[in-house]
Amino acid sequence: MLCQRLCYLGILLASASLAAAEEQDFSKVEIHTTHLAGGLYVLQGAGGNMTASVGADGVLLVDDEYAALADKIRAALRGLGRAGPGGSSGDQAGGGAHRDQALRYVINTHYHFDHTGANAAFAQEGATLIAQDNVRARLLTGGTAGNGGSITREVPALEHAALPQVTFDHELTVHVNGDDVRAVHYPNAHTDGDTIVFFPGTAAVAMGDIYVRYGFPFIDINSGGSVQGMVAACEDVLRRVPADARVVPGHGEVAGVADLREYVQMLKDTSAAVADALKAGKTLTQMKQERILGRWSERYSPPNAFVDTDAFTETLYNSLRGHIARHGSRPR
């Protein structure tokens, strides 16, 4: 299936270092589009999913993949401007024609390079880059992303042109194409700078890597992420959106509310398993040896998984231990 192939490619690139990602043959990557509703589309290439609002006011884009794909992303957006029912870039699209419009806004959901790579290219053409305060700070300095254990990835600082020009603390609204697009910060979730973008006019939400569909999620403990923040963010989304909302994950095919609810339950159940093991005095090595997350492995740890069962055990252990260190009590 196309979505499975795109998701797998995204996982491979997400799991590579930046140097390895730059060695990928981006000439073979296609940008595929899926129509959600009205002027709202999902674009998928080789990195994080992108969501585009296209209309009379121009284009607002959530995330922008890799620098090497800027021209292809731009062409796909122009295609949406010309396309009627039937689509533009080799996949699904629809919802009527739109005039060609400039890319006016880019919202970064977090600082990782598979979601921010084309920032500079689009800013130099006049797009306003928007992100939570911590995203700009991390893009300015770079750092080491990781789960506090076996997963580590170096993220270099970006050039000045790639830094968001507009930042916010908790929430920002962009009034564009007849919608009040709300960018909301969720602290200490996938990272310390995560933004979820709500499109109330089309009952859709773009969640960045707070919600992914490739298996166990990567939680960037090194960059302020936590499983507690992931759960809190997802639960808030479930409270905010209608039952028929379309949910755009950071990687993988578009989902529904029931899919997101199932994902949250997995996060809660696996966290509870590790918390119980901590209460029993077990070490991380013992947890891995006993495969306390084994019953979730078949579903969430496919072969060659970016985050396999041991790595996710590490993630939860480090996140929950950090909670104990900060609050002096058993993780909830």
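Tutor: Let us begin with burial: a residue counts as buried under 20% relative accessible area, as exposed over 50%, and as partly exposed in between, with a 1.4 Å probe and protein chains only. This is a predicted model, in which local features need pLDDT of at least 70 and side-chain atom pairs count only at pLDDT 80 or more, while totals for chains, interfaces and linings use all residues. Residues are numbered from 1 along each chain as its sequence is written, and side-chain values use heavy atoms, with hydrogens and water left out.

Student: Is threonine 270 buried or exposed?

Tutor: Threonine 270 counts as buried because its relative accessibility is 0%. It belongs to helix 8 (residues 257-279), where helices (H or I, at least four residues) and strands (E, at least two) are DSSP runs numbered from the N terminus.

Student: Which residues does threonine 270 touch, not counting residues up to four places away in sequence?

Tutor: Contact means heavy atoms within 4.5 Å, and, with residues up to four places away in sequence not counted, threonine 270 touches Phe216, Leu293, Trp296, Phe312 and Leu316.

Student: How do strands of a sheet pair?

Tutor: They pair through backbone hydrogen bonds, either parallel or antiparallel; here two strands pair if DSSP finds at least two bridges between them. An open sheet of 6 strands has the order 10-11-12-13-14-15, with mixed pairing, and its edge strands, strand 10 (171-176) and strand 15 (255-256), each pair on one side only. Within this order, strand 12 (residues 194-199) and strand 13 (residues 204-206) run antiparallel, joined by 3 bridges, and phenylalanine 198 stands opposite valine 205 in strand 13.
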